[in-house]
Amino acid sequence: MARPRQTIVSLEDTPYYHCCSRVVRKAFLCGIDNSTGENFEHRREWVDARIIELATIFAIDICAYTVMSNHLHVVLKVDADKVKEWSDKEVLIQWHKGFKGTLLTHKYLKEEDLNSFELQTVNECITEYRKRLIDISWFMRSLSEPIARMANKEDKCTGRFWEGRFKSQALLDEAAVLACMAYVDLNPVRANMAATPETSDYTSIQRRINSAMKGEQPAELLPFVGNERLNMPNGLMFSVKDYIVLVEDTGRIIREDKRGAISSSSQDILNRLNIPAENWLKITTEFGALFKGAVGALPALTEYCEHLERKRRQGAANCQRWLCA
């Protein structure tokens, strides 16, 4: 039985979540549908652009994403501290970037006179918008609905385009986060849609590689900020170079027509994560099949379940088997 979203998301335990959404119709989300011969490749650009746009609206960072033929993956980091720092006006400005708001919220931003009842109404809207801007369900809804409308218009039909619920799982530690990111980034390689990560169109890894070639990191994605230190900026605690090499090494191994091995820099990351190389390859190949619920080391999984008042730790056996040396 599907769980209510509030029983899955626990920002007290982790800001990181892996979400997956699938289409319901036989027709592809994108690419060429072999049954009809129609080409829907342009829809990948719709999804890619919408993901990047939402990152500028919500207080939710994009760690990784990929757009496949009939589903999409995103790894998100909810930045609750950022939305707390926003002033009331900044909350409304962010909300109006992607949503209409109300007549009163627009009047408030224009500093027009409002009576006490109208001000109270605006304050209630601000409180609600502040919550929505860190709400994963609102993020995924805002991603899927415009795509569904455009696809339905193009297909000249009505009805559902996406499944009613998207899959969401908490990533409880850095090992789970990095493994899930690599799993998402390597989806096109595993599916033989691309030969290498850098040729995987409409993926976060391609963005990171293209930016790295210029000595930069993509502004649209959560950056890699290196090892933990004082005054730590918001980001992923590895170097972007090491992550790209790790994904490249992993991709070469999982492709049967490529010869590859874990390099010394990649092995250093796996040692830090306390994951054996053979476990890493299993996880990044079968993450979705191995882990149905929250992912992380047993102590983190136990705390997560306690905070959500769960009686049993779903997936504890696989977490212990594959994420512990």
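I began with L103, which is found in helix α4. The model is a predicted one, and I kept that in mind throughout.

I looked up the accessibility of L103. At 67% relative accessibility, L103 counts as exposed, because the cut-off for exposed is over 50%.

Next I checked T102. T102 sits in the loop between α3 (88-98) and α4. Its relative accessible area is 29%, so T102 is partly exposed. In sequence T102 and T285 are 183 residues apart. In space, C-alpha to C-alpha, I get 46 Å for T102 and T285.

**Entry: G215**

Where does G215 lie? I found G215 in the loop between α9 and α10 (240-254). G215 counts as exposed, at 69% relative accessibility. I set G215 against A49. The separation of G215 and A49 is 166 residues in sequence. Their C-alpha atoms are 23 Å apart in space.

**Entry: backbone angles**

I went through phi next. Most residues other than glycine have a negative phi, and most peptide bonds are trans. I noted two residues with a positive value.

E111 is not a glycine, yet its phi is positive, near 60°. I placed E111 in the loop between α4 (103-109) and α5 (116-132). Is E111 buried or exposed? E111 counts as exposed, at 58% relative accessibility.

N192 is also not a glycine, and its phi is positive at about 60°. The loop that holds N192 runs between α8 (187-190) and α9 (204-212). With a relative accessible area of 59%, N192 is exposed.

**Entry: aromatic rings**

How many aromatic pairs does the structure hold? I count 10 aromatic pairs in the structure. I took W95 and F99 as my example. Their ring centres are 4.1 Å apart and their planes are at 20°, so the pair is stacked. The angle passes because planes under 30 degrees apart count as stacked. I checked accessibility as well, and both W95 and F99 are buried.

W95 and F99 belong to one aromatic cluster with F58, Y129, W138 and F139. I also looked for charges over rings. R141 lies over the face of W138, and the distance to the ring centre is 4.4 Å.

I logged another arginine over a ring. R272 lies over the face of F238, at 4.2 Å from the ring centre.

**Entry: cysteines**

I searched the whole structure for disulfides and found 0. A disulfide is a covalent bond between the sulfur atoms of two cysteines.

I looked up accessibility for two cysteines. C19 counts as buried, at 0% relative accessibility. C157 counts as partly exposed, at 29% relative accessibility.

**Entry: largest pocket**

Rolling a probe the size of a water molecule over the atoms shows where empty space is left. The largest pocket has a volume of about 450 Å³. I listed its lining, which has 24 residues. The closest to the pocket centre are P15, Y16, K77, N234 and G235.

Which elements give two or more residues to the lining of the largest pocket? I find β3 (71-78), α2 (80-85) and α7 (174-185). Helix α7 gives the most to the lining of the largest pocket, with 4 residues.

I sorted the lining by class. The lining of the largest pocket has 15 nonpolar residues, 3 polar and 6 charged.

Terms used. Residues numbered from 1 in each chain as written. Predicted model: local features only at pLDDT ≥ 70, side-chain atom pairs only at ≥ 80, totals over all residues. Heavy atoms only, no water. Phe/Tyr/Trp six-rings, centres within 6.5 Å; stacked < 30°, edge-to-face > 60°. Buried < 20%, exposed > 50% of the residue type's maximum accessible area, 1.4 Å probe, protein only. Lys NZ or Arg CZ within 6 Å of the ring centre and 35° of its normal. Disulfide = S-S within 2.5 Å. 1 Å grid on protein atoms, 1.4 Å probe; cavity = no way out; pocket = protein on both sides within 12 Å on 5 of 7 lines; lining within 4 Å. Points joined across faces, edges and corners; volume = space filled by probe spheres on them. Nonpolar A, V, L, I, M, F, W, Y, C, P; charged D, E, K, R; others polar.
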